[in-house]
Amino acid sequence: MQILKPSDIPPSEITPRALFEDRRRFLGAAGATLAAGAALWAGLLPDARAAAAKLGPLARSPLSTDDTQTGYKSVTTYNNFYEFGTNKEDPAANAGSLVVRPWTVRVEGLAGKPRTFDIDDLLKLAPLEERIYRLRCVEGWSMVIPWAGFPLSALLRQVEPQGSAKYVEFVTQYDPKIMMRRPVLDWPYTEGLRLDEALHPLTLLTLGLYGEVLPNQNGAPVRIVVPWKYGFKSAKSIVAIRLVEKEPRTAWNKAAPNEYGFYSNVNPTVDHPRWSQATERRLGEFRKRPTLMFNGYAEQVASLYQGMDLRRFF
Ligand SMILES: Nc1nc2c(c(=O)[nH]1)N[C@H]1C(S)=C(S)[C@@H](COP(=O)(O)O)O[C@H]1N2
Ligand SMILES: [Mo]
């Protein structure tokens with residue numbers, strides 16, 4: 001292989017780390033490894049963390065947990081974002097190619113005032129809070145993450161949901177040029193909540209973590225976080241929010257309906273068909289912990305499910 005010095009490469013060929021890692025993945029190893037080596041050599045790699053825009057000031061929400069926070073490195077390198085690959089380290093390596101500005105979110109469907117929000121307007125729509133939430137993945141691990149955002153209800157109120165709206169559907173970005181083309185899931189990744197779940201004060205329209213805008217691998221520029229449900233309900237990189245009358249289909253329910261129900265409340269007494277959900281491994285800890293009903297948020301959300309058979313509506 002021919003070796004070039006950095007001075008042989010025009011500046012226009014020097015790209016951010018995430019971009020050339022994406023190229024390495026999608027276009028083949030040789031050329032991109034060369035570009036990566038050259039950029040490293042030239043000291044031109046931006047520090048991903050230093051480059052992220054600060055948000056704030058953020059008021060710490062009383063809805064935050066006191067649990068020890070999972071380190072920034074784990075939160076941003078151990079991810080599920082299947083559009084960018086199915087290994088935990090894939091999203092951090094590949095999601096840099098996602099262009100997050102300009103970005104709009106359509107809030108549509110059964111609304112008196114449907115509207116398309118620009119991401120920069122969303123950032124100013126309501127006071128941003130820091131919310132430290134547990135996130136429990138259906139796979140059996142969990143993290144504690146200081147998110148930044150505001151209640152989804154503040155956004156939904158703006159468009160005036162109609163009386164016939166009973167559910168909310170989240171539609172996420174799908175760009176086959178930079179995202180996985182294999183039909184691992186039925187792209188775009190979609191999710192949904194009942195309207196009362198969507199309006200619950202814990203449901204967070206999330207724009208950042210650790211006091212900065214969301215890293216791409218965590219669902220930039222805007223995602224949802226629903227802390228009492230398994231992590232997959234918290235859809236990343238949202239482009240549309242639809243108020244609908246009927247329970248929407250969801251990507252995971254379509255893929256494996258007997259494994260992933262619409263509700264997906266964290267529930268240690270309802271096993272996944274292939275494994276127990278009774279315990280979890282908190283990242284950074286060795287011994288497993290018991291999983292808590294509704295992920296520890298039972299006091300706030302149990303009333304939403306009063307009278308429901310949570311084995312049937314799993
Ligand atoms: N668009 C999209 N959103 C997604 C996923 C995904 O694959 N694509 N994975 C989900 C799953 S399984 C989990 S556990 C959380 C992980 O969020 P984090 O990587 O920010 O911790 O994102 C959820 N949101
Ligand atoms: Mo997950």
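1. In which loop does glutamate 160 lie? In this predicted model, glutamate 160 sits in the loop that runs between helix 7 (152-159) and strand 6, and its phi is positive, at about 55 degrees, although the residue is not a glycine. Most residues other than glycine have a negative phi. Glutamate 160 is partly exposed, with a relative accessible area of 39%.

2. Serine 264, which is not a glycine either, has a positive phi near 50 degrees, and its place is in the loop between helix 9 (251-255) and strand 12 (279-282). With a relative accessibility of 4%, serine 264 counts as buried, because the cut-off for that class is under 20% relative accessible area.

3. Two peptide bonds also deserve attention when the backbone is inspected. Most peptide bonds are trans. The bond from tryptophan 187 to proline 188, however, is cis, with omega near -5 degrees, and proline 188 is located in the loop between strand 6 (167-172) and strand 7. The bond that joins alanine 220 and proline 221 is likewise cis, with omega about -5 degrees, and proline 221 belongs to the loop between strand 9 (212-213) and strand 10 (223-225).

4. Turning to the sheet, 5 strands form an open arrangement in the order 3-2-11-6-7, with mixed pairing. Its edges are strand 3 (115-118) and strand 7 (190-194), each of which pairs on one side only, and the twist from one strand to the next averages 15 degrees. Strand 2 (residues 104-109) pairs with strand 3 in the antiparallel sense over 4 bridges, and valine 105 has phenylalanine 117 in strand 3 as its bridge partner.

5. In the side chain of glutamate 83, an N or O atom is 2.8 Å from a nitrogen atom of ligand 1. Oxygen atoms of the ligand are involved as well: one lies 2.9 Å from a polar side-chain atom of asparagine 218, and a polar side-chain atom of arginine 223 is found 2.6 Å from an oxygen atom of ligand 1. Taken alone, ligand 1 exposes 540 Å², and the protein buries 98% of that area.

How values were computed: Residues are numbered from 1 along each chain as its sequence is written. Chains are lettered from A and ligands numbered from 1 in the order in which they are written. This is a predicted model: local features need pLDDT of at least 70, side-chain atom pairs count only at pLDDT 80 or more; totals for chains, interfaces and linings use all residues. Side-chain values use heavy atoms; hydrogens and water are left out. Two strands pair if DSSP finds at least two bridges between them. Helices (H or I, at least four residues) and strands (E, at least two) are DSSP runs, numbered from the N terminus. Axes are lines fitted to C-alpha atoms, for helices over the stretch in contact, and angles run from 0 to 180 degrees between N-to-C directions. Buried means under 20% relative accessible area, exposed over 50%, partly exposed in between (1.4 Å probe, protein chains only). A polar contact is a pair of N or O atoms within 3.5 Å; within protein, one must be able to donate a hydrogen and the other to accept it, and residues adjacent in sequence count only if both atoms are side-chain atoms. Accessible areas come from the Shrake-Rupley method with a 1.4 Å probe; for residues, only the protein chains shown count as cover.
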